[in-house]
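Here is a short note to read beside the model. Keep the 3D view open and check each point as you go.

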Amino acid sequence: MRAGVLTGGGDSPGINAALRSIVRFGCKHGVDIVGFEEGWKGAVENLVRPLTPIDVSGILHVGGTILRSSRTNPFRIDDGPQKVIETLSVNAVDFLIAIGGDDTLGVAHRLGEHGVKAIGIPQTIDNDIAMTDYTLGFSSALEAITDALDRLHTTAASHHRVLILEVMGRDAGWLSLMGGVAGGADVILIPEQRFNVDSIFRKIKRREHLKKRFSIVIIAEGAEPEGTEGQVVEEAEVDAFGHVRLGGVGQYVANQLSKRMQIPVRVTNLAYLQRGGSPSPFDRILATRFGAASIEFALEGEFDVMTAIHGTQIVPVPLGDALAEMRPVDEGLLYLVDLFE
Ligand code: F6P
């Protein structure tokens, strides 16, 4: 049996650990693996390379993806799905393992209608895929955000100012909320709740009355100010999956706050620093389990499924169901936004 594996969309720490697991567990069970480079681009253009245990040696702790990534969408290319099918056929690939977020996994699911057998591994720092407790990469990004907030705290405490940290999260505030709780942010802003600059201002003023000379605000890139058109966009041009590039909402808040207060307001955009670097122990273990499970499911003949973690168990969930809707922050966790206010 032969599997093809690819990694698409925004990368995150832990992908290489998953590739290592797929190859080593596959080898143990008589499944050989080829890798398609640069996401769906490699599957369309037949950019293929063998992946043997020696090829994945020494990559458990290495961030990024040795297969590289792209945001190619075969359904936006002439005969794209047909080209993918041809690539699979010339390489004698029986099934595909796609590692990525909703866009990458959405392509894998749609290709099912063309007869392609696929399994998805949910990977995005945003943690916004339904039917799994965690996506690969979220834990590592959270560590980076927590570390950034710890660093901002020591410099903030030495001055009288407001520091704003902008983090990723297009439609879901997992990184902002959990990062904000772990790093002790004073104001947490997430896409699930429109924010009001006056109320942020009042929170900061209340802290000043308590003799707190600094405030730290964490904001998700997708958070939307009340009474405006919507999300703050850095680049309006859409990618192959119809997404604009978000960015700048931290600066928007800073500009608005600066008009209301005397103390300086400064912004840090953590950007790709939260997506790069080594995977956390949690992500290394999750990747190893997801990778092995993807082979296991295939050997059991289960396709069009996604590996998911429910509590401590790794289970298959239908890809179509998992992708039907984005996963916002659980309502039961929203109390954490203003726990101490
Ligand atoms: O990986 C998902 C994500 O982190 C989003 O939160 C963010 O909007 C996007 O990637 C940005 O990625 P890129 O700049 O690589 O397109």
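Predicted model: local features only at pLDDT ≥ 70, side-chain atom pairs only at ≥ 80, totals over all residues.

How many residues of domain 1 are in contact with how many residues of domain 2? The count is 20 residues of domain 1 and 16 residues of domain 2.

1. Now the ligand. Why does the ligand lie between domain 1 and domain 2? Both domains give residues to the shell around the ligand, so the ligand lies between them. The space that the ligand takes is the largest pocket.

2. Look at the shell itself. Among the residues around the ligand are Arg-71, Thr-124, Ile-125, Met-168, Gly-169, Arg-170, Arg-245 and Arg-275. Asp-126, Glu-221 and Tyr-272 also belong to this shell. By class, the shell has six charged, three nonpolar and two polar residues.

3. Three side chains deserve a check in the viewer. For Tyr-272, a polar side-chain atom lies 2.3 Å from an oxygen atom of the ligand. For Glu-221, the corresponding distance to a ligand oxygen is 2.6 Å. For Asp-126, a side-chain N or O atom is 2.8 Å from an oxygen atom of the ligand. Taken alone, the ligand exposes 400 Å². The protein buries 82% of that area.

Terms used. Residues numbered from 1 in each chain as written. Heavy atoms only, no water. Near = heavy atom within 4 Å. Polar contact = N/O pair within 3.5 Å; in protein donor to acceptor, adjacent residues only side chain to side chain. Areas by Shrake-Rupley, 256 points an atom, 1.4 Å probe, with all protein chains shown as cover. 1 Å grid on protein atoms, 1.4 Å probe; cavity = no way out; pocket = protein on both sides within 12 Å on 5 of 7 lines; lining within 4 Å. Sits in = over half its atoms within 2 Å of the grid points. Nonpolar A, V, L, I, M, F, W, Y, C, P; charged D, E, K, R; others polar. Domains from an automatic or database assignment. Contact = heavy atoms within 4.5 Å.
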